[in-house]
Structure formats: structure tokens, C-alpha cells
Amino acid sequence: MSWLIANRPEFQDIAGYIGATSVKYLTVEGLVSAVQGGIASHQQDGKMMGHCTACLTGKYPVELEW
């Protein structure tokens with residue numbers, strides 16, 4: 001995940017870099033809870049819909065073929 005700003009040592013002051021007074025981190029569960037809102041109960045073709053968190057967890061919903 002070297003492309004993420006928080007994973008780069010040159011960005012020790014992320015808040016200052018982005019012009020914010022502070023930066024807080026969410027857990028993956030907290031992020032999903034914050035953005036899912038009304039879609040958590042929606043289904044499509046009998047499957048629950050939601051957000052993919054694979055880039056954060058490494059758990060992909062489909063088999064990867066490299």
C-alpha cells in the first residue's frame with residue numbers, strides 16, 4: 001500500500017500537507033458504517049450490496065487471476 005499517503009515517511013505531517021488541523025483514522029468497519037448508510041439493506045439478484053474494502057483488507061470478493 002505504498003501509494004497511500006499515510007504509508008509514506010515523507011508525509012509525517014499529513015494534516016499540514018492537506019491544510020487540515022488534524023487527521024483521524026477510521027477502522028475499516030467504521031469506514032463502511034460511515035458510507036453505507038441506506039445501502040446496507042439493499043439486495044441485487046439475491047446478494048447483499050455494499051462497498052468493496054479489498055484495497056484496505058486484502059480480502060477480494062472474487063478470485064484474482066494474475
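Start by selecting Ile 14: this residue sits in helix α1 (helices are DSSP runs of H or I with at least four residues, strands are runs of E with at least two, and both are numbered from the N terminus). You're looking at a predicted model, where local features need pLDDT of at least 70, side-chain atom pairs count only at pLDDT 80 or more, and totals for chains, interfaces and linings use all residues. Residues are numbered from 1 along each chain as its sequence is written, and side-chain values use heavy atoms, with hydrogens and water left out.

Is Ile 14 buried or exposed? Ile 14 is buried, because its relative accessible area is 12% (buried means under 20%, exposed over 50%, partly exposed in between, with a 1.4 Å probe and protein chains only). Now show Ile 5, Ala 6, Val 23 and Tyr 25: Ile 14 is in contact with them, leaving aside neighbours within four places in sequence (contact means heavy atoms within 4.5 Å).

Next, hop to Leu 4, in the segment before α1 (14–18). Leu 4 counts as partly exposed, because its relative accessibility is 31%.

Finally, zoom out and switch to cartoon view. Of the protein's 66 residues, 11% count as buried.
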